[in-house]
Amino acid sequence: MQKQTNANNGKLPQSSEVPEVSPEFREFFIDEIKDIYWAEKLLTKTIPKMQKAATSSELVSAFGAHLTATQQHVERLEQVFELLGEVPKAKKCDAMAGIVEEGKSILEETEKGTHLRDVGLILAAQKVEHYEIATYGTLAQLSKSLSNKKISSLLEQTLVEEKEADLLLTDIAEKSINSAAAIEDISEELPKRTSRKMATA
Ligand SMILES: [Fe+2]
Ligand SMILES: [Fe+2]
């Protein structure tokens, strides 16, 4: 059988081997894993607060289910660190910190028990999901250059769950909450708001 020849100084092609990534690429990748690890850990503390603030039973259970999923996302990232031979380390994600802060201000600006507050919670939650989808989408693609398929499959699993969570939130909003919020009469809440303002004046 004739051996395959090439112009690479007579060496046989190593097509089945994944080339080593550069140290800079690896560092960049690990840095982004640290970023989303911080974000996911923050979300395990934030989602219970969003769940408590929600009124619609569908939204309450969606937050509950996504809390369980988010705890798994943290665990999957810890597996990714392990597969990379790294100790799990979180690095502050300014974007997620900002989205969560914005969510807090939505709670301050809406009344408990209203559809409008649920609309605000869904808006904040979808901003979270979209950030996660962007991050996991890119990381899952980049991970294909690493010679470890398990890393890609862990990131892709989480990406699928983030997309499902986003679609579920859209579904809940469109089914009833958005239209109910549009015609909601929250005038009985006004005296409470006035007195709060007077109390702080
Ligand atoms: Fe997540
Ligand atoms: Fe998520």
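Of the 201 residues of the protein chain in this predicted model, 28% count as buried, a residue being buried if 20 or more other C-beta atoms, placed from the backbone, lie within 10 Å of its own. Residues are numbered from 1 along each chain as its sequence is written. Because the model is predicted, local features need pLDDT of at least 70, and side-chain atom pairs count only at pLDDT 80 or more, whereas totals for chains, interfaces and linings use all residues.

The protein chain contains six helices and zero strands, where helices are DSSP runs of H or I with at least four residues and strands are runs of E with at least two, numbered from the N terminus. Among contacts between residues at least 6 apart in sequence, 74% join residues at least 24 apart, two residues being in contact if their C-beta atoms lie within 7 Å.

Helix α5, which covers residues 149-182, has 34 residues and reaches 47 Å from its first C-alpha to its last, close to the 50 Å expected at 1.5 Å a residue, the expected span being 1.5 Å times one less than the number of residues. A kink of about 55 degrees in α5 is centred on E174, the bend being the angle between axes fitted to the seven residues ending at a residue and the seven starting there. The buried residues of α5, among them I151, L154 and L155, pack against α2 (57-83) and α4 (115-142).

Conventions:
Chains lettered and ligands numbered in written order. Buried ≥ 20, exposed ≤ 12 C-beta atoms within 10 Å, placed from the backbone.
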